[in-house]
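Let's take a walk through a protein chain together. Keep the picture open and turn it as you read.

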Amino acid sequence: MMDALDLHAERRTVTGRKVGRLRRAGLLPAVVYGPDSPPQVIQLAAREAGRVIRKIEGTQLVQLVIDGQSRQVLVHELQRDSIRGDYLHADFYAPDMTRPFRVAIPIHLTGASFAVNSLSGVLVRGLTDLVIECLPGDLIPSINVDLEPLKEIGQALYVRDIQVPATVKVLSDADDMVARVTYQAKEEDLTAAPALTSAEVEVVERGKKEEEGEEAEAKPAGKAPAAKK
């Protein structure tokens, strides 16, 4: 069981272009919204928020405490500085804990495939996320798919092969591929020029001579006269 993660925030009054000063003060501007509540702008201590966010595994609910009031949220979107990697803004989604909701969770491939390790097969990755529906309290942050059944080249695993708890409904297409083992592609030797047949040699040589003849005819007999001044 994963440890519960807490994020502490407070209501924010600074918005728009002025949020730059919040970041300079060590604060992370954010917004939290849900199906039955208007968006609420908040701010968090940037260093502490970053430490907690980096601990999140998959699609995991986090306890967001705003001015002493707690609610379960998902990190929906994060904006980061492209150079330093610092978080610039965070979006949190607060689901209705009493109603099922749809969410995508990551698929993790685990275990070893005999076809890959012993038959020199190549593992081809398919679907990377699984769309599910469940109550927020029954949310699983990710799903593991064991590669052990892939014992022969050509075998594949599909969404229909994934086992989930009874409280979770899978919405992804049952025929979507998760992983497949294929043969290695044959490498072509591109270092040597292809050999020409005798007929091709004759055509190439004739074409070369004809081209040289055309160039000779196209060359001027002497130096062009200078333009009159």
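Where does Ser-120 lie? You'll find Ser-120 in the loop between α3 (114–117) and β8 (122–125). Those labels come from DSSP: helices are H or I runs of at least four residues, strands are E runs of at least two, and both are numbered from the N terminus. Before we go on, keep in mind that this is a predicted model, where local features need pLDDT of at least 70, side-chain atom pairs count only at pLDDT 80 or more, and totals for chains, interfaces and linings use all residues. Residues are numbered from 1 along each chain as its sequence is written, and side-chain values use heavy atoms, with hydrogens and water left out.

Back to Ser-120, whose phi is near 60°, a positive value in a residue other than glycine. Most residues other than glycine have a negative phi. Ser-120 counts as partly exposed, because its relative accessibility is 45%; buried means under 20% relative accessible area, exposed over 50%, and partly exposed in between, with a 1.4 Å probe and protein chains only. Asp-67 is another case: it is not a glycine, yet has a positive phi of about 50°. Asp-67 is also partly exposed, with a relative accessible area of 42%.

Now for the overall picture. The chain has four helices and 13 strands, and 30% of its 229 residues are buried. How confident is the predictor? That is what pLDDT tells you, on a scale from 0 to 100 for each residue. The chain averages a pLDDT of 85, and 79% of the residues score at least 70. Over residues 196–229, though, the pLDDT is below 50, and this stretch has three contacts in the model beyond near neighbours in sequence. A contact here means heavy atoms within 4.5 Å. Among contacts between residues at least 6 apart in sequence, 65% join residues at least 24 apart.

Let's follow some strands. Two strands count as paired if DSSP finds at least two bridges between them. Start with β4 (residues 62–66) and β5 (residues 69–80), which run antiparallel and are joined by five bridges. To spot the pairing, look for Val-62, whose bridge partner in β5 is Val-73. These two strands form a hairpin with two residues between them, and our friend Asp-67 sits in the turn.

Next, look for an open sheet of four strands, in the order β10-β7-β9-β12, with mixed pairing. The edges belong to β10 (143–146) and β12 (169–170); each has a single partner strand, so one side of each is left without a neighbour in the sheet. Ile-132 has Val-170 as its bridge partner in β12.

Take a quick look at Ala-156, in strand β11 (residues 156–158). Ala-156 counts as buried because its relative accessibility is 17%. Leaving out residues up to four places away in sequence, Ala-156 touches Leu-150, Asp-161, Met-177, Ala-179 and Arg-180.

Our last stop is the second largest pocket, with a volume of about 250 Å³. On a 1 Å grid over the protein atoms alone, a pocket is an open set of points with protein on both sides within 12 Å along at least five of seven lines, and lining residues have an atom within 4 Å of a point. The volume is the space filled by probe spheres set on the points, which are joined across faces, edges and corners. Which residues lie nearest the centre of this pocket? They are Ala-46, Arg-47, Asp-86, Tyr-87 and Leu-88, out of 13 lining residues. The elements giving two or more residues to the lining are α2 (46–53) and β6 (87–93), and α2 gives the largest share, three residues.

Key: On a 1 Å grid over the protein atoms alone, a cavity is a set of points where a 1.4 Å probe fits but cannot get out, and a pocket is an open set with protein on both sides within 12 Å along at least five of seven lines; lining residues have an atom within 4 Å of a point. pLDDT is the predictor's confidence in each residue, from 0 to 100.
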